[in-house]
Amino acid sequence: MEEPNLPPSAEQAAEALRDIRKTERRSAERYGDRIASQHLMWWGVVWLIGYSAGIRPSWSGTVWLLLVPIGVAGSIALGVRQKRVARQPKDWRWLAAGVLIGLFLTALFTVLPPGSGAQIGVVIPLLVGFCYTLYGVWQAGMRMVWTGVALDALTVLGYLEFQPHFAIWMAVVGGGGLIVGGLWLRSA
C-alpha cells in the first residue's frame with residue numbers, strides 16, 4: 001500500500017530553500033569565473049608583451065602607451081561579446097570603475113610621483129591585484145580573491161628580491177600568472 005504524498009515539513013522546505021540558494025550562489029560564482037577568466041588571460045598577454053619591452057627600457061613607455069588602449073579595447077570587446085551571449089542589461093558601473101581607477105592613479109602619481117619606472121611597474125599591478133581581490137570578496141568568489149592576493153604577493157616579491165630583473169619577472173610571473181589564473185578560473 002502506498003503512503004499518501006504529504007507536503008514537506010517547514011524544516012524540509014527551509015532546507016530545500018537553503019540548498020537552492022547555495023546552488024544559485026555557486027553557479028553565479030562559476031559563471032563569473034568563466035567571464036573573468038577571458039579578461040585575465042587577455043591582460044596576461046598584454047602584461048607579458050608590455051613588461052617584456054622593459055628589457056629595453058627605452059621602448060617600455062612607448063610600448064605601454066600602445067598596449068594600454070589595445071588592452072582596454074580588447075576588454076571592451078570581450079565585455080560586449082559576453083553581454084550579448086548572456087543577454088544581460090548594460091552595466092555602466094564597470095566603465096565608471098575603470099575611469100575612477102584611472103583618475104585615482106593620475107592623482108596618486110601627481111601627489112606621490114614615482115622615482116623610477118619600477119615603482120610605476122609595481123603600483124599598477126598592486127592596484128590591479130587589490131581590485132581582483134575586492135571583486136572576489138564582493139562578487140566572484142575565492143578563486144578571484146586568491147588570484148589577486150597571488151598577483152600582489154608576487155609583485156612585491158619581484159620588486160624586493162629581483163629588482164634588476166623586475167621587468168622580466170613581471171612579464172613571466174605577472175603576465176604568466178594572469179594567464180594561469182584565467183585558465184584556473186575557466187576550469188571552474
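**Entry 1: Thr133.** I began with Thr133: setting aside neighbours within four places in sequence, I found it in contact (heavy atoms within 4.5 Å) with Met144, Val145, Gly148 and Val149. Before going on, I noted that this is a predicted model, where local features need pLDDT of at least 70 and side-chain atom pairs count only at pLDDT 80 or more, while totals for chains, interfaces and linings use all residues. I also noted that residues are numbered from 1 along each chain as its sequence is written, and that side-chain values use heavy atoms, with hydrogens and water left out.

Thr133 sits in helix α4 (residues 117-140). Helices here are DSSP runs of H or I with at least four residues, strands are runs of E with at least two, and both are numbered from the N terminus. Is Thr133 buried or exposed? Thr133 counts as buried because its relative accessible area is 17%; the cut-offs are under 20% for buried, over 50% for exposed and partly exposed in between, with a 1.4 Å probe and protein chains only. I then looked for a polar contact, which is a pair of N or O atoms within 3.5 Å; within protein, one must be able to donate a hydrogen and the other to accept it, and residues adjacent in sequence count only if both atoms are side-chain atoms. The Thr133 side chain reaches the backbone nitrogen of Val149 at 3.4 Å.

**Entry 2: the whole chain.** Of the 188 residues, 29% count as buried. Among contacts between residues at least 6 apart in sequence, 68% join residues at least 24 apart. Next I checked pLDDT, the predictor's confidence in each residue, from 0 to 100. The protein averages 80, and 86% of the residues score at least 70. Among the elements, helix α5 (residues 142-161) has the highest mean pLDDT (88) and helix α1 (residues 10-53) the lowest (78).

**Entry 3: Thr155.** I looked up another threonine, Thr155, and found it in helix α5. Thr155 counts as buried because its relative accessibility is 0%. Its side chain reaches the backbone oxygen of Leu151 at 2.7 Å. Beyond its neighbours within four places in sequence, Thr155 touches Val122, Pro125, Leu126, Phe166 and Met170.

Entry 4: Leu40 lies in helix α1 and is buried, with a relative accessible area of 2%. Which residues does Leu40 contact, leaving aside those within four places in sequence? I listed Tyr132, Met144, Thr147, Leu178, Ile179, Gly181, Gly182 and Leu185.

With neighbours within four places in sequence left out, Gly50 is in contact with Val63, Trp64 and Leu67. From C-alpha to C-alpha, Gly50 and Gly175 are 8.9 Å apart, with 125 residues of separation in sequence.

**Entry 5: the surface.** The accessible surface comes to about 12600 Å², of which 69% belongs to carbon and sulfur atoms. Ile76 lies in helix α2 (residues 57-86) and counts as exposed because its relative accessibility is 51%. Val68, Val72, Ile76 and Val80 make a nonpolar surface patch of about 310 Å².

Key:
Patches are made of residues with over 30% relative accessible area and no salt bridge: like charges are joined within 9 Å, nonpolar side chains (Val, Leu, Ile, Met, Phe, Trp, Tyr) within 5 Å. Accessible areas come from the Shrake-Rupley method with a 1.4 Å probe; for residues, only the protein chains shown count as cover. A salt bridge is a side-chain nitrogen of Lys or Arg within 4 Å of a carboxyl oxygen of Asp or Glu.
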